[in-house]
Amino acid sequence: MSVDRQNSVAGSDPVVQVRNLTKRFGHFTAVNNLSFEIAKGEIFGLLGANGAGKTTLIKMLCGLSRPTAGMANVAGYNLITQPEMIKRRIGYMSQKFSLYEDLTVQENIRFFGGIYGLSKREAIDAGNIMIGRLGLEKMKNRLIGSLPLGWKQKIAFSVAILHHPGLIFLDEPTSGVDPVTRRQFWEMILETAGRGYTIIVTTHYMDEAEYCNRVAVMVEGNIAALDSPENLQRHYHVANMEDLFWKLTREINGSVTKSIQP
Amino acid sequence: MRTILIIIRKEFKQIFRNRMMLPIIFIAPIVEMLVLVYAATMEVKHIDLLVVDSDQSVYSRQLISKLAGLKMYHVSVIPVAGREADARLLGNKADAVLEIPPKFEQSLVRGLNPVLQLRLDAVNGMAAGIINGYTRRIVMDFQRKWQMNFTATDTHGKIMRISVVPRYWYNSELNYKHYMLPGILVILVTIMGMFLSAINLVREKEIGTIEQINVTPIRRYHFIPGKLIPFWIIALGELAFGLTIGWILFRVPVRGSLLLLFGFTSVYLLSVMGIGLFLATIARTQQQLMFMFFFFMLTFLLMSGLFTPVESMPAWAQMVNRINPFAYFMRVIRMILLKGSGFRDILPEFTSISVYAVIMFSLAVWRYRKTT
């Protein structure tokens, strides 16, 4: 099938190389024997219902969750043997907002900057650039907990790229935010990708898939399809990603996918 | 090293931004000391004594007035035994009933030994024993004085008895507060160190911020000390604060070296905080952690010798106490404060607690997982 050929990338060395990656929780297989590659500078989308295995896959690639089987190379390091090396080279934004709500914007920036080994000067400079870019001058001394969710998400994204990681994992970054903020958020992602960053993003908003260079549709721990959005729509004879998603989930289940969140 | 400092700074900011923290650190010790030191006392200060005076003689009234003249006794008298006395014991209206039999005076004068009966509410056996002791001493004293008066002219007939005069060392007034206060300090310092640091770590798990930490290249031997040191400093400050309050309120003596006390406490804190953080790496929620703490706190505390002497516990309990850090601290803080023991005297405890600290701290670092 032509779709399978898209699993590997031509040209430069892939930033992420996944081989037979599997994660099981007891009898439940959250991620089932996945293999794919992601090229430098790509925006790679992971689409799927809740419980399809998107978050589990991302957590494994970040070194937060140990794979049950398989191997992967992330940012030039072996996931199984060098997970701590990978952590220096990646940025991660969790599904759940996880900066410190009882610290101010600036304190969060300094803290995470410091943890990533930025000098005080570098952390302050990077923070100022980021605050300027987001137009947060007036809010930099406010506790993050007091800001609206949309702002929090933008700050979380900016903190995730503070140390210029090159590879960024975004786990449902836009869930729960209003459409305007979602659009602004995607502008930030596209702009960052334009500067050479590789971005892996999960979402269950099908329209967001259109922003991605390539999309993997996950159904019950498997990748049901993987290609650029245009190719996928052409191949499956559908008008948009929404229809494609319905078609793929029905094909596999004969019904709607069950919602299982590990 | 810089990473540890960065974490410590962040923790201090969060601690002092938490509205509950300052009251916990400064109000709780004062209240605990005021309430616990008084409430945990074993002294019997107020005795409701019912005297059944079936004799109604001069001597029996003398004995009653002797008892009534003492501050700790609240004496009421009824003439005949019967339901009344039992009812008062049952209704907690009397702690003890002293029955003076008919012909008490007569027997005394004739040189027979009259028998008084003392019935005690022994639900609290310890208190009953103390009331028994007090009351007997007073009755015997009464008898002795009576004998001396009666036989004053006949000095040859007086029986000289050998008497033992006790001297209470280190706590000559048998001041129970001075004994309890160091124990309360142990609880305070332990709760501050062990609870707060462990709860802090589990809270990060609950809120999810731990994930953002775990995805950074932070090392666990940076992270655990970073979590521990702020509360270590707070707990040592708490000891200083508690000692000051204890000195102001109760004049608790400080006979040994404060430097030695703080030195021992620093090491002790590492061991209990190690236990706390180790449990925190196992617990997923604050609730789970609290239940584990209740178990350890209650067991360790009751066995530590806070209320009852460790030496009176069965051999197996004393063996268990070897792994009870509270017991070491309980013993050492009393030795240093009340007896003025020096470094040589506490060396065995110091050695044990140091080994303990190293083991627990390593366990906590080892058990902390950045990957699930």
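Colleague: Why is B:Lys227 called buried?

Modeller: Its relative accessibility is 0%, and buried means under 20% relative accessible area, exposed over 50% and partly exposed in between (1.4 Å probe, protein chains only); B:Lys227 therefore counts as buried. B:Glu11, at 0% relative accessibility, counts as buried too. This is a predicted model, in which local features need pLDDT of at least 70 and side-chain atom pairs count only at pLDDT 80 or more, while totals for chains, interfaces and linings use all residues. Side-chain values use heavy atoms, with hydrogens and water left out, residues are numbered from 1 along each chain as its sequence is written, and chains are lettered from A and ligands numbered from 1 in the order in which they are written.

Colleague: What makes the contact of B:Lys227 and B:Glu11 a salt bridge?

Modeller: The N to O distance is 2.6 Å, and a salt bridge is a side-chain nitrogen of Lys or Arg within 4 Å of a carboxyl oxygen of Asp or Glu; the pair therefore qualifies. B:Lys227 lies in helix α9 (residues 220–250) of chain B and B:Glu11 in helix α1 of chain B, so the pair ties together parts 216 residues apart in sequence. Helices here are DSSP runs (H or I, at least four residues), as are strands (E, at least two), numbered from the N terminus. Salt bridges that share partners join B:Lys10, B:Glu11, B:Glu204 and B:Lys227 into one network.

Colleague: Which salt bridge partner of B:Glu211 lies in chain A, and how is B:Glu211 known to be buried or exposed?

Modeller: The partner is A:Lys59, with the closest N and O atoms 2.9 Å apart. The pair crosses between chains, from helix α8 (residues 209–214) of chain B to helix α2 (residues 54–62) of chain A. B:Glu211 has a relative accessible area of 18% and is therefore buried, whereas A:Lys59, at 25% relative accessibility, counts as partly exposed.

Colleague: Why is the pair of A:Trp186 and A:Tyr211 called stacked?

Modeller: Rings of Phe, Tyr and Trp (its six-membered ring) pair if their centres lie within 6.5 Å, and planes under 30 degrees apart count as stacked, over 60 as edge-to-face and the rest as tilted. The ring centres of A:Trp186 and A:Tyr211 are 4.7 Å apart and the planes are at 15 degrees, so the pair is stacked. A:Trp186 lies in helix α7 (residues 179–194) of chain A, and A:Tyr211 in the loop between β8 (198–203) and β9 (214–219) of chain A, 25 residues apart. A:Trp186 counts as buried at 1% relative accessibility, and A:Tyr211 as partly exposed at 27%.
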